Amino acid sequence: MKKNKFKVLFIITICTIILIGILLNAFSKKRETAVVSTSSYRQNSAEESITTYNSQSQFCYLSDIPYIKEQSSVGWGSITYDKNLDTKYNNGLITLKIDGEKRYFIKGVAAHATSTLVYDISAYDYDYFTAYIGVDQSREIIGNQGNGVQFALATSVDGVTWEPYIRTTDVMMGNSNALQVKMPIKGAKYIKLFANNRGNAEADHAVYADAKLIKEGYVEDNKPVEFIKTLSEYDEIINSKELGEQIAENELALLQREFVKNMGYDILQAYANYSKDYKETLEWLMTDVENLRLYITGGKPTGSYANSLNVLVKLYTTYKGDLSVEGDLEFGVGGNGGKLKDLYRKMMISLSLTHSANVALWVGGNQLSNAVDRYAIYKSMHERGLLDTRTFEDLSIEEMRWVMNNNIDDEEIEWLNAHVRKCGNNRDPYRYIRYTFGYNYSLAQYYDPEKYADWDAKYDLSKYNITYQAGKPKLWIVFEQGSVCGGLSKTGSNINGAFGNPSAVIGQPGHAAYLQYSATSEGIGMWSIYNDVSGWTQSEKGERMMLGWGSNNWDSYYQVVYIQYSQEAINDLSNLEKAIEVMLLKDTYAGDWNKLEEIYREALKYQSFNMDAWYGLIDTYKGNPEKTEEDFYNLAVELAENVKNFPLPMSDLLNQIKPKLTSPEYQSRFTLLLKRSLEYGTTCQSGVAQPSLTRLMANYLLGRNDFTVATFSFDGDNANQIRLADRFQTSTPCWEYSIDGGENWITETTQNYVELTEEQINKINTTDGIKVHIKGAVFTEEPKEEDIVTIQITKGTLPATIFANDLENRIIGVNTSMQWRYEEGEQWRYYKSVSPNLTGNKQVQVRMLATGTRLASDISTFTFSEDNQTPERSYVPVSHLSIAGVSSQATGGGQDGHAVNCIDGNYNTRWHSAWNGSDTTKNITIKFDNPIALSAMSYKPADGGNGKILTCKIEGSLDGENFFIIQDNIVWANNEYEKQ
C-alpha cells in the first residue's frame with residue numbers, strides 16, 4: 001500500500017509541475033522551452049512556448065509568473081506585462097525616471113491604479129523581490145499627471161495574513177524618480193503589490209519595472225556593450241572625414257548611428273543586457289555593414305523599432321543557421337545569381353519590419369501571423385518551387401515587405417497557393433468569389449462538425465491543417481459566400497502574396513482595387529491595378545507606401561501613382577542605397593544650411609529624382625535666411641527638370657516651393673514652368689519603366705481627362721476587339737459587355753480587351769450597339785443604366801460620288817474600304833486585293849465593308865454592257881488625259897471644284913471655276929498623251945442650279961501654244977442631260 005501511495009503522490013507531483021510550467025509563459029534569461037506545434041511550420045514561436053521554472057537560475061522575472069486572477073484587480077484596462085499602458089510612447093517600453101534621467105526596461109508589470117497584484121511564489125526558491133516602482137514617465141510627456149500614486153508592498157505565508165514591507169510610499173508621478181525596492185521573500189508564499197490612485201485616476205500608470213525574484217548574492221550585470229555607441233561618439237567618428245570619405249570609410253558607423261538614433265542608445269543597451277539572444281542578434285545586425293544597410297534602407301518598421309527588434313531576435317535565434325547556407329539561388333538578383341543565405345537574410349529583415357505591427361487575416365477572428373511561422377512557410381515553398389521564383393528571389397526589402405505583410409493567416413498561405421494551382425493556376429479572384437451583397441461568414445454550416453467531411457473534400461482542409469472553428473472564418477468560406485469589391489481585392493492580393501509576388505489593396509471612390517507587381521527578366525519592376533474602376537488618378541492607399549513616398553502630409557490624396565515613382569528608384573537600387581546613406585549625414589549637421597545643401601545635392605548626384613533628397617533640399621532652402629525668391633525659382637526649375645517624368649510627385653514637390661514665390665513675376669513664371677513640365681509629360685515615351693503612367697498623370701493634371709471607357713473597331717490592328725481605354729493600360733478592372741442591348745452580359749476579368757467571335761460580330765446591330773459596364777463601384781444583379789457605356793454602331797454608306805463608267809469598264813471612286821462580288825451568294829472580295837473584270841455584259845455588287853464602328857453598308861448593284869466602240873469612233877480612256885491649264889478652280893472651303901474632276905470619268909464630280917465670279921474667261925485645257933483625230937466630245941453638266949455651260953467653243957493645238965478653232969458658237973440647253 002505504501003508503495004502504491006507513493007506512485008499516486010509521484011504522479012500528482014509531476015502533474016503539478018507540468019501545470020505550473022504551462023502557466024508560465026514569457027521570456028527569461030535562462031529557461032527551458034517546450035514547443036507546442038499546431039502547424040508543421042511552427043518552430044519555437046514565442047506566443048506558443050511554455051516556460052518552466054529552472055531552480056538553478058539566479059533570478060526569475062515577475063512577468064514570467066502568472067498573477068492570481070481572483071485576488072488581483074486593476075483600476076482601468078488590464079494588467080500588462082513587459083510594456084507600458086500607452087504603447088505609443090517610448091517604443092511601448094516601461095520607462096521610469098532614475099536620478100532625473102529616463103531609463104527603459106524590457107521587463108516589468110504595468111497596472112493602472114488603483115490596482116492590486118497578488119502572486120503565488122511558493123514554487124520558487126528565491127530570497128528577494130526587487131523592482132523599480134513608480135508612475136510611467138510617459139505620463140510626464142502628456143502633461144496632465146493627475147495627483148499621483150502611492151505604493152505598498154507586502155508578503156504572506158498563507159495568502160490571508162499580510163506582513164507589510166512598505167506600508168505606503170511618497171506620492172509619485174510621471175516626473176518623479178522611481179523607488180528601487182528589495183523586499184525579503186524567503187519563507188513567504190505570496191507577495192502583494194498595491195497602487196493607490198488617491199481618489200483621482202488621472203494618469204495613474206503604476207509600473208513595476210525590472211521586477212524580479214532573485215537569490216542571495218545575485219549581482220545585476222549592466223555594463224555597456226561596446227559595439228553600441230552614443231550618437232556623439234558616432235558623430236566624432238563620422239565628422240573626422242570629409243563628405244566624400246564619410247560614406248566610403250565610415251559607412252558602418254553612419255548606419256549604426258541611424259539605427260541607434262531610431263532605437264535609442266539606452267534602449268539598445270537595455271536589450272543587449274537583457275538576454276544572450278538579444279545581444280547576439282544585435283551584434284549580428286550592427287557589426288555587419290550589409291546587414292545594417294538592408295535594414296536601414298528597407299524603410300521604417302510598420303510598428304515600432306522595438307517591436308521590429310523583438311521580431312528579428314525570434315527569427316535570428318530560430319533560424320540563424322540559414323544565414324550560412326551557401327546554396328545557389330535559381331535566378332538571384334536580376335537573374336545574376338546569388339546565395340540562399342542572401343535570400344534568407346532579406347526574408348528575416350523584411351519580416352522584422354512588417355511584423356513589428358500585427359499582420360492578420362482580413363476576414364477577422366483575430367488570426368494573427370507569426371513572423372517565425374511565416375518565414376518557415378516561405379522558405380519551404382521556395383525550396384519546393386511553389387513561388388514565382390524569379391520574382392521572389394530578386395525582390396528588394398521594400399518590395400518583399402509587400403509579400404510578407406500579406407493580410408492572411410499563416411496556415412492558409414500554402415493552402416491558397418495549392419488551391420489556385422488546383423484550379424488551373426487562375427489567379428483572378430473572380431474565379432473563386434462571386435460579387436454579391438448579403439454574405440455571412442458566420443453561418444453555422446461552415447463550422448458544423450458533421451459537415452466537415454464535405455468541406456474537407458472540396459477544399460482540402462485537413463491536408464493543410466486549416467482551423468475549423470466557430471469565430472475563425474477562413475478564405476474558403478469567403479469563396480462559398482461571396483463578397484463585394486473589398487473581399488475580392490483582398491483575396492486578389494492574398495493570391496499574389498501566396499506566390500511570393502508583391503501586392504496591396506488600394507482605395508478608390510466607393511470601391512477597393514489592388515496593386516500587382518511584375519518584373520522584366522532584367523528585374524525592372526512595374527505595377528498594375530486590378531479590379532480597377534477609377535484608375536490611377538483616383539486611387540489612394542492609407543498605409544505606408546514604398547520608401548514612404550506618397551505617405552506624407554503634403555502629398556496628394558490620390559497618391560497611389562507614387563508607387564511608379566518609388567519603384568523607379570528601387571529599380572536603381574544601388575544608387576538609391578547610396579543616396580539614402582548620404583542623407584543619413586543630415587542629423588550630424590543640423591542647422592548648418594550650407595552643409596545640408598551639400599549633402600542633399602550629393603544624394604541627387606546618385607539619384608537625380610530622389611524625393612527625400614528634393615524635399616530635404618527644399619526644407620534646407622526654407623531654413624536658410626540667405627535664400628532669395630530667385631533662388632527658390634531656380635530650385636523649382638532644377639526640380640522640374642529632374643522629376644518631370646513623375647508628374648504628380650513633381651507637382652506636389654513644386655507646391656512646397658510655391659509659397660516662397662510671392663511676386664507676380666515669379667508666380668507667373670512658376671505657373672508657366674509647371675505647365676511646360678506637364679506638357680512634356682504628355683509626350684513621354686522613354687526614360688521610365690512605365691511612360692504611359694507619366695502621360696496619363698500629366699494629361700490629368702492639365703485637365704485633359706480622357707473619359708473614354710472602351711472602344712471597338714471592325715477593322716485595323718485590333719479588329720473585332722472591345723478594348724478598354726488607354727487609361728486602363730496598366731490596370732485590369734472587372735468588366736462586362738453585351739451585344740444584344742443588355743439582355744445578356746459576358747464578364748471579363750483577366751485582360752483589358754476581348755476579341756469577339758464571328759458569331760458575335762454577326763449579331764452586332766445599330767439598335768443595340770455594344771454595351772460596356774465596369775463592375776465594382778456600384779453593383780446590382782443587373783447593371784444600372786447610368787453606369788453603362790454604349791458604343792454606338794452605325795450603318796456604313798457608299799460614297800455618293802462613286803460612278804459606274806460603262807465606257808471605262810470600271811467603277812470610279814471605289815477604294816480599299818469597299819468589297820465587291822458578281823452575284824448573291826458569292827464570297828465578298830476586297831478592292832484592296834483585286835478589282836472585278838467589268839468588260840462585257842456584267843453586273844457587280846458593291847458595299848462599304850465594316851470599318852471603325854460602322855457596319856457594312858447596304859449593297860449597290862451596277863450594270864455594265866458590251867463594248868460598242870468602232871475604229872472610226874472609239875472612246876479615249878481618261879488615263880490618256882491630263883490637265884494642261886485652267887483659268888480658275890474652286891478648291892477652298894469644301895467646294896471641291898478641282899479641274900481634274902473634269903476628266904476623272906465620274907459623273908458625280910465636277911470642275912467649277914472660281915466661286916466668287918472673278919474668272920471672266922472660264923477655260924480649261926486638256927492634254928492627250930498622243931495626237932488624236934478628235935471626232936466628238938461629251939459633257940455632263942453638274943447637278944444643281946448653276947455651273948452649267950450654255951455657250952462655248954472648242955479649240956485644238958498640237959504644241960499647246962498655238963490653238964485653232966475646232967467648233968465655235970456651241971449652244972447647250974440649261975439642263976443636266978449629257979451634251980455632245
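The tour below goes from the core to aromatic rings, a helix, salt bridges and sheets.

**Before you start**

This is a predicted model, in which local features need pLDDT of at least 70 and side-chain atom pairs count only at pLDDT 80 or more, while totals for chains, interfaces and linings use all residues. Residues are numbered from 1 along each chain as its sequence is written, and side-chain values use heavy atoms, with hydrogens and water left out.

**Stop 1: the largest nonpolar core**

Select Phe259, Tyr271, Leu282, Phe392, Trp476 and Trp536: of the 170 residues in the largest nonpolar core, these touch the most other members. A nonpolar core here is a set of buried Ala, Val, Leu, Ile, Met, Phe, Trp, Tyr and Cys residues joined through side-chain atoms within 4.5 Å. Buried means under 20% relative accessible area, exposed means over 50%, and partly exposed lies in between, with a 1.4 Å probe and protein chains only. Which helix gives the most to this core? Colour helix 8 (residues 305-319), which contributes nine residues. Helices are DSSP runs of H or I with at least four residues, strands are runs of E with at least two, and both are numbered from the N terminus.

Another core, of 31 residues, lies apart from the largest one; Ala111, Val149, Val181 and Ala206 are among its members. As background, nonpolar side chains tend to be buried together in soluble globular proteins.

**Stop 2: Tyr271 and its surroundings**

Now centre on Tyr271. Leaving aside neighbours within four places in sequence, Tyr271 is in contact (heavy atoms within 4.5 Å) with Leu93, Ile106, Met263, Tyr278, Lys279, Leu282, Ala306, Leu309 and Asn310.

The model has 41 aromatic pairs, where rings of Phe, Tyr and Trp (its six-membered ring) pair if their centres lie within 6.5 Å; planes under 30 degrees apart count as stacked, over 60 as edge-to-face and the rest as tilted. The Tyr271 and Tyr278 rings are stacked, because their centres are 5.0 Å apart and their planes are at 10°. Both Tyr271 and Tyr278 are buried.

Next, jump to Tyr514 and Tyr530, another stacked pair, at 5.8 Å centre to centre with 25° between the planes. Tyr514 sits in strand 16 (residues 511-519) and Tyr530 in strand 17 (residues 525-530), so this pair ties together parts that are 16 residues apart in sequence. Tyr514 is buried, at 3% relative accessibility.

**Stop 3: helix 12**

Is helix 12 (residues 397-404) mostly covered or mostly open? Mostly covered: eight of its eight residues are buried.

**Stop 4: salt bridges**

There are 44 salt bridges in the model, each a side-chain nitrogen of Lys or Arg within 4 Å of a carboxyl oxygen of Asp or Glu. Select Asp388 and Arg427, whose side chains meet at 2.7 Å, N to O. Asp388 lies in the loop between helix 10 (371-383) and helix 11 (389-394), Arg427 in the loop between helix 13 (413-422) and helix 14 (452-459), and the two are 39 residues apart. Asp388 is partly exposed at 21% relative accessible area, and Arg427 is partly exposed at 25%.

Then try Arg821 and Glu824, with their closest N and O atoms 3.4 Å apart. Arg821 is buried at 7%, whereas Glu824 counts as exposed at 60%. For a network joined by shared partners, select Asp235, Arg257, Glu258, Lys261 and Asp587.

**Stop 5: two open sheets**

Stay with Arg821: its bridge partner in strand 31 is Gln845. Strand 29 (residues 818-821) and strand 31 (residues 842-848) pair antiparallel over four bridges; strands pair if DSSP finds at least two bridges between them. An open sheet of four strands runs in the order 30-29-31-33, with antiparallel pairing. Strand 30 (829-830) and strand 33 (860-864) are at the edges with a single partner strand each, so one side of each is left without a neighbour in the sheet.

Finish at the open, antiparallel sheet of three strands, ordered 18-19-23. Its edge strands are strand 18 (710-713) and strand 23 (753-755). Four bridges join strand 18 to strand 19 (residues 721-724), and Phe712 has Ile722 as its bridge partner in strand 19.
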